[in-house]
Amino acid sequence: MWQRIVETKVSVYSFNELSESQQLLVEKAKMQLENAYAPYSGFQVGAAVELANSVVFAGNNQENSAYPSGLCAERVALFYANAQYPQIRVKAIAIAAFTNGAFLKSPVTPCGSCRQVMLESETRFDSDIEVILYGTDEIFVIQNVKQLLPLCFEKSSLNK
Ligand code: THU
């Protein structure tokens with residue numbers, strides 16, 4: 001038996017240390033969560049997706065009384081972006097969350113289903129998507145989605 005350690009590299013930033021384009025994307029995610037429909041969880045999430053043509057699509061979580069019918073902010077934004085520009089790769093995604101009257105102190109981290117959907121966008125265009133996770137105390141920047149979903153099931157797993 002041997003053990004393999006799977007590591008994820010996370011760069012931790014303060015807001016001022018981000019580049020101008022990263023700051024803008026975070027601001028768009030923060031703004032967008034104001035339009036979230038989250039009456040059941042009270043947990044509002046915003047996501048902003050930047051495409052290679054510099055167009056930004058933002059989305060937020062959309063809940064439903066039949067809980068599983070709702071959708072997370074990341075998937076709302078990403079599906080929207082991919083639906084509008086199916087030929088343009090995604091460059092970056094920023095995510096922010098707000099609950100109990102405040103933004104989260106520690107960065108919000110995407111759920112497993114969103115990571116899988118983000119991975120599809122990354123492999124679809126064979127190009128890294130930078131992931132920016134906002135918290136008021138610190139911001140995580142992760143170079144690509146693969147880092148967030150090691151040992152993943154992806155296109156190549158199907159051998160197609
Ligand atoms: N949620 C997101 O939109 N994105 C995440 O990364 C985590 C969770 C939503 C789903 C649900 O509407 C609420 O937050 C509570 O789970």
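So, Glu 74: an N or O atom in its side chain comes 2.5 Å from an oxygen atom of the ligand, which I'm calling a polar contact, meaning a pair of N or O atoms within 3.5 Å. Asn 61 does this with its side chain too, at 3.0 Å from a ligand oxygen, and Ala 73 uses a backbone N or O atom, at 2.9 Å. On its own the ligand exposes 370 Å², and the protein buries 76% of that; those areas are Shrake-Rupley with a 1.4 Å probe.

Quick caveat: this is a predicted model, with local features needing pLDDT of at least 70 and side-chain atom pairs pLDDT 80 or more, while totals for chains, interfaces and linings use all residues. Numbering runs from 1 along each chain as its sequence is written, and side-chain values use heavy atoms, with hydrogens and water left out.

Okay, what surrounds the ligand? The shell (a heavy atom within 4 Å) includes Ser 41, Phe 43, Thr 109 and Pro 110. By class that's six nonpolar, three polar and two charged residues, with Cys and Pro counted as nonpolar and Gly as polar.

And where does the ligand sit? In the largest pocket, where sitting means more than half of its atoms lie within 2 Å of the grid points. A pocket here is an open set of points on a 1 Å grid over the protein atoms alone, fitting a 1.4 Å probe, with protein on both sides within 12 Å along at least five of seven lines; lining residues have an atom within 4 Å of a point. The volume is about 280 Å³, as filled by probe spheres set on the points. Of 19 lining residues, those nearest the centre include Val 45 and Leu 71.

Definitions and conventions: A polar contact is a pair of N or O atoms within 3.5 Å; within protein, one must be able to donate a hydrogen and the other to accept it, and residues adjacent in sequence count only if both atoms are side-chain atoms.
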